[in-house]
Amino acid sequence: MDIRPALTVAELQAAEGLFDGPARLDWCERFLDAPGHLMLIAYVDGVPAGMVSGVEMSHPDKGTEMCLYELSVDEGYRRRGIGRALAEALADEARARGCYGMWVGVDTDDEAALATYAASGARDEGLFAMRGWAITPEPKPKPTSASTP
């Protein structure tokens, strides 16, 4: 297994099977251009077998920490330590970038994820509630016949 950072759109698109949906060109470019965004891909015999993405988060009174945003291992490669190795590689990268810590949100009943994170050195910091906002772009007004030349 070889773990390396994704640096090109082509690498992200080649790993698309590890994502929840298609790797759109514009989103790939935005991800790669954003400071503090990182994706590591695990290759087995040259094939993308797993990925982990991280996002650096900074705050004036805390410094910078790494959020493990998403971890995925292709079903055919599971239970081989790839998820653990990816989480460890992201933690190593966070250390190298000067982050003071790393964290991940995980469903309390996701036993596979909990075991993977524990095996990679994460400790239980207690339960928390997560709330989300569905924010979508506002629709653009449709031109009316009065506004067209």
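Q: What makes the lining of the second largest pocket in this predicted model divide into nonpolar, polar and charged residues?
A: The division in this predicted model is 12 nonpolar, four polar and four charged residues. Residue type decides the class: Tyr, Trp and Met count as nonpolar and Glu as charged. Among the lining residues closest to the pocket centre are Trp 27, Phe 31, Met 39, Tyr 69 and Glu 70.

Q: Which elements give two or more residues to the lining of the second largest pocket, and what is its volume?
A: H2, S2, S3 and S4 each give two or more residues to that lining. The volume of the pocket is about 640 Å³.

Q: Why is Leu 18 called buried?
A: Buried means under 20% relative accessible area. Leu 18 has 5% relative accessibility, so Leu 18 counts as buried. Leu 18 lies in the loop between helix H1 (9-14) and helix H2 (25-33).

Q: What does Leu 18 touch, not counting residues up to four places away in sequence?
A: Leu 18 touches Pro 48, Ala 49, Gly 50, Met 51, Ser 72, Val 73 and Asp 74. Contact requires heavy atoms within 4.5 Å. Leu 18 and Val 104 are 86 residues apart in sequence, and their C-alpha atoms are 18 Å apart in space.

Q: Why does Ser 53 count as buried?
A: The cut-off for buried is under 20%, and Ser 53 stands at 6% relative accessibility, so Ser 53 counts as buried. Ser 53 is found in strand S3. Leaving aside neighbours within four places in sequence, Ser 53 is in contact with Phe 31, Leu 38, Met 39, Cys 67, Leu 68, Tyr 69, Glu 70 and Leu 90.

Q: Why is S2 described as largely enclosed by the rest of the structure?
A: Seven of the eight residues of S2 are buried, so the description holds.

Q: How do you know that S2 pairs with S1 and with S3?
A: Two strands pair if there are at least two bridges between them. Four bridges join S1 to S2, which run antiparallel, and eight bridges join S2 to S3, also antiparallel. Asp 2 stands opposite Tyr 43 in S2, and Ala 42 has Gly 50 in S3 as its bridge partner. In the hairpin of S2 and S3, two residues lie between the strands, and Asp 45 takes a positive phi near 55°.

Q: What makes S4 and S5 a pair, and in which sense?
A: At least two bridges are required, and S4 (residues 63-73) and S5 have two bridges, in the parallel sense. Met 66 stands opposite Met 102 in S5.

Q: What is the order of the strands, and how is the pairing described?
A: Five strands form an open sheet in the order S1-S2-S3-S4-S5, with mixed pairing. Strand S1 (2-5) and strand S5 (102-103) stand at the edges with a single partner strand each, so one side of each is left without a neighbour in the sheet.

Q: Which residues touch the most other members of the largest nonpolar core?
A: Of its 19 residues, Leu 40, Val 52, Leu 68, Tyr 77, Ile 82, Leu 86 and Leu 90 touch the most other members. S2 (37-44), S3 (47-59), S4, helix H3 (82-96) and helix H4 (111-119) each supply at least two residues. The largest share, six residues, comes from H3. A second, separate core of 12 residues includes Ala 6, Leu 18, Ala 23 and Cys 28.

Key. Residues are numbered from 1 along each chain as its sequence is written. This is a predicted model: local features need pLDDT of at least 70, side-chain atom pairs count only at pLDDT 80 or more; totals for chains, interfaces and linings use all residues. Side-chain values use heavy atoms; hydrogens and water are left out. A nonpolar core is a set of buried Ala, Val, Leu, Ile, Met, Phe, Trp, Tyr and Cys residues joined through side-chain atoms within 4.5 Å. Buried means under 20% relative accessible area, exposed over 50%, partly exposed in between (1.4 Å probe, protein chains only). On a 1 Å grid over the protein atoms alone, a cavity is a set of points where a 1.4 Å probe fits but cannot get out, and a pocket is an open set with protein on both sides within 12 Å along at least five of seven lines; lining residues have an atom within 4 Å of a point. Grid points are joined across faces, edges and corners, and a volume is the space filled by probe spheres set on the points.
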